[in-house]
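Welcome, and thanks for taking a look at this one. Below is a short tour, from charged pairs to strands and nonpolar cores.

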Amino acid sequence: NRRGFVIGNRLCFLYNISRRFNGTLIVERGGQMKQECTARLPVSEEQILDIEIWLEQMALQGWFFTEPVGKWWYFSKGEPARVRYRLDMITEKDGCLDEKKRECCEAEGWHFTASYKNLYHIFRAEDPSVPELHINPQSAALVLKQYEKTARDSFIGKFTTLLLCAWLLFKEKGIWLSYPALTLADGSGLVFLAAAAIVSAAAVRQLAIHRRIREICGRMRSGEAFIPTEDQVKNNRYRRWNIYLNFILIVLFAVTLLQSCQNGGPVQQQLNDGEVFPALELIEDGTVQDSPENEGEMFYRSNLVLRQGYHMAQTAPVETAEHEMKLSSITADFYDARWSFFSEWLFSECRRQAEKEENAVYESLSAEGFDTLLYGKTEKGQNVLAKRGTKILKLSYEGDTDLSKKWDLLRDIMDGKLEESFAPSAD
């Protein structure tokens with residue numbers, strides 16, 4: 001209920017914002033204009049000592065903690081002062097501060113500010129010289145013990161996920177290790193790497209949290225209390241980028257996942273939409289028949305390493321000049337890499353894959369408009385591997401047309417535009 005009230009209160013005063021000032025909010029509360037700001041916890045919520053240091057550092061800058069809403073904590077503007085904060089682990093079953101305890105703490109100069117989840121009560125002392133807040137280290141250690149178990153279980157879960165990722169990598173090692181550039185260009189490799197990075201970062205962070213809580217528990221059980229020193233308050237620094245690391249990794253994963261979702265459709269539909277790619281209707285010397293046997297799909301790629309790309313496969317009956325019906329097929333992969341070094345890497349892997357898996361034997365040819373042009377024949381048909389700038393086209397064709405006479409057409413296809421003489425007829 002209190003959390004709902006706090007969230008409702010935040011929504012109300014955000015609605016009454018009058019203006020922004022230096023990245024903070026000037027808000028109307030209780031008929032008075034107050035300057036407030038929000039700041040995200042720079043450390044894990046279980047790192048009690050670091051949170052106390054952070055709150056005292058904020059006070060030295062003139063920002064005084066008022067209340068927490070999740071990981072975002074609210075501060076009000078005041079005169080910079082040296083105040084002390086202490087976090088007392090919640091031992092009450094209902095999570096509410098005992099009234100007698102509150103009165104005792106206030107009598108000693110410690111004022112209750114807020115409670116955070118079911119973890120701890122937050123006290124503030126305006127006078128740095130007041131006696132230290134009495135916190136029972138043994139009781140606090142018992143409360144922290146359950147969070148140590150939670151952190152350990154969380155780490156085990158994330159580490160298990162990481163092992164699963166490693167197992168999947170080992171299972172597909174023929175693809176990953178043999179053709180890493182092709183895997184990245186396909187998009188699935190980027191998704192895998194982003195997911196592995198998220199899981200790895202989360203597992204490392206959770207392990208650090210578990211070790212930190214375990215250390216605190218051990219020292220508290222021995223009766224030691226954690227109190228920030230003047231040197232820590234003055235010199236400790238918390239890197240802001242750490243706060244958003246998980247968020248950045250998740251955004252990266254989302255982007256790679258969305259980009260890996262290939263779109264496209266039937267070859268005939270893409271041709272009708274004016275798309276340019278090595279369809280049989282463009283390649284064949286004969287007449288490609290419009291029949292149920294003319295089938296094929298085309299899928300586009302675009303990701304962090306490719307500006308654009310596609311994969312297509314088509315099979316169709318073709319009527320030759322001798323009026324014979326023959327079945328032709330073509331498979332094509334096109335890549336337009338974002339960087340020259342990646343296109344070189346990708347080209348070498350395309351050649352190696354074709355030579356190893358398709359038994360292609362290439363010979364190097366020279367043709368206008370190509371940086372590298374490889375042509376070869378197999379028992380099944382013809383293979384072409386062409387490079388033009390950062391663009392790569394890989395073809396496997398089975399049919400009667402001689403691809404060695406189609407270099408001008410293939411060059412235009414790689415550029416994504418056709419001269420009128422190459423365009424398929426309306427018939």
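A residue is called buried when its relative accessible area is under 20%, exposed when that area is over 50%, and partly exposed in between. That scale comes up several times below, and the model it is applied to is a predicted one.

## The protein at a glance

The protein has 14 helices and 17 strands. Of its 427 residues, 44% are buried. The accessible surface comes to about 23,200 Å², with 53% of that belonging to carbon and sulfur atoms.

## Charged pairs

Side chains of opposite charge can pair when their charged atoms come close. Searching the whole structure turns up 17 salt bridges. One of them joins Lys101 to Asp88, with the closest N and O atoms 2.3 Å apart. Because Lys101 sits in helix α3 (residues 99–107) and Asp88 in strand β6 (residues 84–89), this pair ties together parts that are 13 residues apart in sequence. Asp88, at 5%, is buried.

Another salt bridge links Arg388 and Asp415, whose closest N and O atoms are 3.0 Å apart. Arg388 belongs to strand β16 (residues 382–388) and Asp415 to helix α14 (residues 407–415), so here the parts tied together are 27 residues apart in sequence. Arg388 is partly exposed at a relative accessible area of 24%, and Asp415 also counts as partly exposed, at 26%. Arg124 forms a salt bridge with Glu126, and their closest N and O atoms are 2.7 Å apart. Glu126 is partly exposed, with a relative accessible area of 43%. There is a network of salt bridges too, linking Glu56, Arg82, Arg84, Arg86 and Glu132.

## A hairpin and its neighbour

Strands of a sheet pair through backbone hydrogen bonds, either parallel or antiparallel. Strand β12 (residues 306–319) and strand β13 (residues 325–337) take the antiparallel sense, over 13 bridges. Pro317 has Leu327 in β13 as its bridge partner. The two strands form a hairpin with 5 residues between them, and in the turn His323 has a positive phi of about 65 degrees.

What other strand does β13 pair with? It is β17 (residues 391–398), again in the antiparallel sense, over 8 bridges. Within that pairing, Ile330 has Tyr397 in β17 as its bridge partner.

## An open three-stranded sheet

Elsewhere, 3 strands form an open sheet in the order β6-β8-β7, with antiparallel pairing. The edge strands are β6 and β7 (111–116), each of which pairs on one side only. From one strand to the next, the twist averages 25 degrees.

β7 pairs with strand β8 (residues 120–125) over 5 bridges in the antiparallel sense, and Tyr116 stands opposite Tyr120 in β8. Helix α2 (residues 48–60) lies across β6 and β8, running at about 150 degrees to β6.

In soluble globular proteins, nonpolar side chains tend to be buried together. The largest nonpolar core here has 32 residues, and those with the most contacts inside it are Phe277, Phe370, Val384, Trp407 and Leu410. Which elements each supply at least two residues of this core? They are α11 (267–272), α12 (280–283), β12, β13, β15 (372–377), β16, β17 and α14. The largest share, 5 residues, comes from α14.

Setting aside neighbours within four places in sequence, Leu410 is in contact with Ile283, Phe370, Val384, Leu393 and Leu395. A second, separate core has 24 residues, among them Cys37, Ala39, Trp73 and Tyr120. Tyr120 is also the residue in β8 that stands opposite Tyr116.

Definitions and conventions
Residues numbered from 1 in each chain as written. Predicted model: local features only at pLDDT ≥ 70, side-chain atom pairs only at ≥ 80, totals over all residues. Heavy atoms only, no water. Salt bridge = Lys/Arg side-chain N within 4 Å of Asp/Glu carboxyl O. Helix = DSSP H or I, 4+ residues; strand = E, 2+ residues; numbered from the N terminus. Buried < 20%, exposed > 50% of the residue type's maximum accessible area, 1.4 Å probe, protein only. Pairing = 2+ DSSP bridges. Core = buried A, V, L, I, M, F, W, Y, C linked by side-chain atoms within 4.5 Å. Contact = heavy atoms within 4.5 Å. Axes fitted to C-alpha atoms, helices over the stretch in contact; angles between N-to-C directions. Areas by Shrake-Rupley, 256 points an atom, 1.4 Å probe, with all protein chains shown as cover.
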